[in-house]
Amino acid sequence: MDLSVVKKEVDEAVLVDAHAPNDAKLVRIIWVDGSGQHRCRAVPFKRFNDVTKRNGIGLPFAVMAASSCNDCPAAGSNLSSVGEMSLMPDLSTKRTVPWNKQEEMVMGDMQLRPGEAWEYCPREALRRVSRILKDEFNLVMKAGFEIEFLLLKKAVRDGKEDWVPFDSTPYCSAISYDAASPFLHEVVASLNSLNITVEQLHAEAGKGQFEVVLGYTACLNAADNLIYTQEVIKATARKHGLLATFLPKYAMDDVGSGSHVHVSLWQNDKNVFMAAEGSSQHGMSAVGEEFMAGVLHHIPAILAFICPIPNSYARLQPNTWSGAYQCWGKDNREAPIRTACPPGIRAGSVSNFEIKSFDGCANPYLGLAAILSGGLDGLRHHLQLPEPIAFNPYENASKLKRLPQSLAESVEALEKNNTLTELIGEKLVVAIKAVRKAEVEYHSKHQEAYKQLIHNY
């Protein structure tokens with residue numbers, strides 16, 4: 001027997017074996033469209049390394065004009081079946097998929113060609129507005145999300161299979177937490193593997209509702225973390241035979257779900273939203289007050305980005321801790337904007353402010369870009385805050401301006417808002433308004449269609 005031949009055959013077999021896992025491995029390239037839906041394409045590992053990470057993958061322009069109810073481009077978006085851009089992987093975001101170790105995932109940037117951003121790219125819109133904040137004021141906006149969601153389980157009602165809440169327990173129920181702990185432990189372990197900081201988690205007030213609180217970071221990273229966290233929560237729920245949804249209002253007789261965002265301003269690694277000791281009436285620096293005043297001023301139009309579907313406005317009602325009136329308050333959870341003084345912060349000081357209206361259907365890159373744009377306008381024009389509201393706004397509703405009560409109203413506010421349009425980009429805003437109008441038209445004719453969105457969001 002020729003041992004050299006045997007050795008060659010064994011070596012070739014080992015070589016094939018060694019390559020097999022990589023050949024089978026896939027990389028998901030994720031993007032978030034104008035309606036806030038997560039989408040992806042998967043590429044074999046070898047092709048990703050050989051081709052895709054340099055050249056991206058081709059996508060039609062139309063993907064940024066799809067709504068939650070139709071994959072066709074929305075009328076008036078100026079995007080159609082003609083034209084293609086490249087989805088380029090941002091390699092700094094590449095991670096192993098925690099629930100499927102044979103795969104990796106990476107966030108994608110939309111480019112006309114490698115190195116040239118497409119003006120409809122949501123991640124680039126956030127980068128662009130962040131650069132303006134840095135260039136004009138030497139400031140960095142950081143953000144952290146509180147993510148509420150419903151856990152649903154299958155049940156048979158009236159002879160039909162349906163999704164019903166996981167349980168029916170009160171806010172911060174220890175029983176609810178314990179029942180869901182196998183799922184929650186797996187979620188936290190997955191987020192740890194993705195280097196996403198979890199600050200706390202608990203059962204919320206709604207039936208089957210839970211909340212996961214993420215640590216704050218630079219706003220582009222915060223948006224990436226939100227997307228990955230939502231992916232983890234949905235995938236882990238499926239593994240446990242459950243369905244997780246971020247839909248703002250699943251049951252009209254129960255509380256809604258949001259993705260409250262906490263915002264702060266930083267300069268040279270120091271939080272400059274917070275006032276120096278004893279230097280401010282409200283615990284904020286002058287820069288912090290002007291920035292927050294800009295967000296408050298523009299919030300009717302900002303809602304078109306952070307509350308993107310008609311169902312969002314079923315949540316934004318008085319007495320639901322989501323913010324229904326255009327006001328702010330100190331630790332006032334009925335105001336859409338509240339200043340926060342968390343444990344460890346000097347008494348009387350404010351480290352950040354929370355925007356309670358933000359929900360889990362929003363494209364977080366566009367949502368944060370809109371918030372940042374409002375804040376920039378406040379800084380540029382030295383806008384001043386009104387007095388804080390120290391009571392339930394509903395008790396004095398006649399003296400306060402009601403925020404938009406429908407998606408149509410927030411789109412109307414956006415159409416009148418030149419500031420957000422100029423900073424985010426006119427072409428992108430035109431497309432977003434078209435997507436929102438498509439949502440309004442469809443859901444006005446299909447009143448119960450929102451229930452199917454539990455599978456989209």
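Student: How many cavities of 30 Å³ or more does the structure hold, and how much space lies in the largest cavity?

Tutor: The model is a predicted one. It holds one cavity of 30 Å³ or more. The space in the largest cavity comes to about 50 Å³.

Student: Which element supplies the largest share of the lining of the largest cavity?

Tutor: The lining consists of W31, V32, M107, G108, M110, C121, P122, R123 and Y365. At least two of the lining residues come from each of β1 (26-32), β6 (103-113) and α3. The largest share, three residues, is that of β6.

Student: How do the residues of that lining divide into nonpolar, polar and charged?

Tutor: Among the lining residues are W31, G108 and R123. Gly counts as polar and Arg as charged, whereas Trp counts as nonpolar. The lining as a whole has seven nonpolar, one polar and one charged residue.

Student: What is the relative orientation of α3 and α5?

Tutor: Helix α3 (residues 122-137) packs with helix α5 (residues 219-239) at an angle of about 155°, the axes being 10 Å apart. Angles over 145 degrees count as roughly antiparallel. The two helices, α3 and α5, are therefore roughly antiparallel.

Student: Which residues of α5 meet α3, and what is the contact by class?

Tutor: From α3, the residues involved are R123, L126, R127 and S130; their counterparts in α5 are C219, L220, A223 and D224. By class, this contact of α3 with α5 has four nonpolar, one polar and three charged residues.

Key. Residues are numbered from 1 along each chain as its sequence is written. This is a predicted model: local features need pLDDT of at least 70, side-chain atom pairs count only at pLDDT 80 or more; totals for chains, interfaces and linings use all residues. Side-chain values use heavy atoms; hydrogens and water are left out. Axes are lines fitted to C-alpha atoms, for helices over the stretch in contact, and angles run from 0 to 180 degrees between N-to-C directions. Helices (H or I, at least four residues) and strands (E, at least two) are DSSP runs, numbered from the N terminus. Angles under 35 degrees count as roughly parallel, over 145 as roughly antiparallel, 65 to 115 as roughly perpendicular and the rest as oblique. Contact means heavy atoms within 4.5 Å. On a 1 Å grid over the protein atoms alone, a cavity is a set of points where a 1.4 Å probe fits but cannot get out, and a pocket is an open set with protein on both sides within 12 Å along at least five of seven lines; lining residues have an atom within 4 Å of a point. Grid points are joined across faces, edges and corners, and a volume is the space filled by probe spheres set on the points.
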